[in-house]
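Try each task before reading its solution.

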Amino acid sequence: MNRNTAIQNPELLRRLLRAKDRMDAASNEDWPVSRLASVSCVSEAHFARSFKEAFGVPPHRYLLTRRIERATALLRDTDLPITDIAFRTGWRSLGTFGRTFRDITGKSPGEVRVQERAARRGLESVPACILGAAHRPDLRTAVLEKRRRPADGKKGAQPKEVL
């Protein structure tokens, strides 16, 4: 299959977008590849490969991005305890949430809450969609690979890509 086939095939792209929209609407739910493939009416292997070709990241990383975005918004906009935010955004463990959040954002959820609230004071006139896009986590690199990097941010050994 050509690397651009998913992008060139409008029907397949519509199916992939259907699954992506479902993840966006319910990022707190479990979205294994089997469920996403079923929503898209394609095989699991074809879905995973095509999703990555079309959107640049594997489905799991896309879902992580959405969960972290939602958690960041809740940290900024509510007084909910961090534990409640973790469970509302689809995490089953507070420890996993905190570790993954720190790996992706570089800060703990509590630090992000303080920072986001302070930064928000000067940005009331900027639309929320623009702020969200500007602060979207970069998950082109696997979370496990980010953990392996030294504190100075330079790449060490090149680990295999993890989905």
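**Exercise 1. Find which residues Thr72 touches, leaving out residues up to four places away in sequence, and decide whether Thr72 is buried or exposed.**

Solution. This is a predicted model, so every value below is computed from predicted coordinates.
- Step 1: locate the residue. Thr72 sits in helix α5.
- Step 2: list its partners. Once residues up to four places away in sequence are set aside, Thr72 touches Phe101, Val112 and Glu116.
- Step 3: check the accessibility. The relative accessible area of Thr72 is 12%, and buried means under 20%, so Thr72 counts as buried.
- Step 4: look at Ala73, which is also found in α5. Its relative accessible area is 16%, so Ala73 is buried. Ala73 and Glu116 are 43 residues apart in sequence, with 8.7 Å between their C-alpha atoms.

**Exercise 2. Work out what span helix α5 should have at 1.5 Å a residue, and how many of its residues are buried.**

Solution. 
- Step 1: take the limits of the helix. α5 covers residues 59-77, which makes 19 residues.
- Step 2: count the buried positions. Of the 19 residues of α5, 15 are buried, so the helix is largely enclosed by the rest of the structure.

**Exercise 3. Describe how α2 and α5 pack, and name the residues that meet.**

Solution. 
- Step 1: Two packed helices are described by the angle between their axes and the distance between the axes.
- Step 2: read them off. Helix α2 (residues 10-25) packs against α5 at an angle of about 30°, and the axes are 10 Å apart. The crossing of these two helices is right-handed.
- Step 3: name the contacts. From α2 come Lys20, Met23 and Asp24, and they meet Pro59, Tyr62, Leu63 and Arg66 of α5.
- Step 4: sort them by class. The contact of α2 with α5 has 4 nonpolar and 3 charged residues, and no polar ones.

**Exercise 4. Decide where the buried residues of α2 lie around its axis.**

Solution. 
- Step 1: check the length. α2 has 16 residues and reaches 22 Å from its first C-alpha to its last, close to the 22 Å expected.
- Step 2: list the buried residues. In α2 these are Leu12, Leu16, Ala19, Lys20 and Met23.
- Step 3: look down the axis. The buried residues of α2 fall within an arc of 100°, so they line one face of the helix.
- Step 4: recall the geometry. An α-helix has 3.6 residues a turn, so residues three or four places apart point the same way.
- Step 5: turn to the other side of α2, where Pro10 and Ala25 are exposed.

**Exercise 5. Examine α4 and find which residue follows it.**

Solution. 
- Step 1: note the dimensions. α4 (residues 44-55) has 12 residues and reaches 16 Å from its first C-alpha to its last, close to the 16 Å expected.
- Step 2: pick out its buried residues, which are His46, Phe47, Ser50, Phe51 and Glu53. They cover an arc of only 165° around the axis, which puts them on the same side of α4.
- Step 3: step past the end of the helix. Gly56 follows α4, and its phi is positive, near 85°.
- Step 4: compare with Cys41, in the loop between α3 (33-40) and α4. Cys41 has a positive phi near 60° and is a residue other than glycine. Most residues other than glycine have a negative phi.

**Exercise 6. Find what Arg113 touches and whether Arg113 is buried or exposed.**

Solution. 
- Step 1: Arg113 lies in helix α8 (residues 109-120).
- Step 2: check the accessibility. At 15% relative accessibility, Arg113 counts as buried.
- Step 3: list the contacts. Not counting residues up to four places away in sequence, Arg113 touches Leu74, Leu75, Thr78, Asp79, Leu80, Ile82 and Ile85.
- Step 4: take one of these partners. Leu75 is 38 residues from Arg113 along the chain, yet their C-alpha atoms are separated by 5.0 Å.

Technical notes. Residues numbered from 1 in each chain as written. Predicted model: local features only at pLDDT ≥ 70, side-chain atom pairs only at ≥ 80, totals over all residues. Heavy atoms only, no water. Helix = DSSP H or I, 4+ residues; strand = E, 2+ residues; numbered from the N terminus. Expected span 1.5 Å × (residues − 1). Buried < 20%, exposed > 50% of the residue type's maximum accessible area, 1.4 Å probe, protein only. Axes fitted to C-alpha atoms, helices over the stretch in contact; angles between N-to-C directions. Left-handed = near helix turned anticlockwise from the far one by under 90°. Contact = heavy atoms within 4.5 Å. Nonpolar A, V, L, I, M, F, W, Y, C, P; charged D, E, K, R; others polar. Arc of directions from axis to C-beta.
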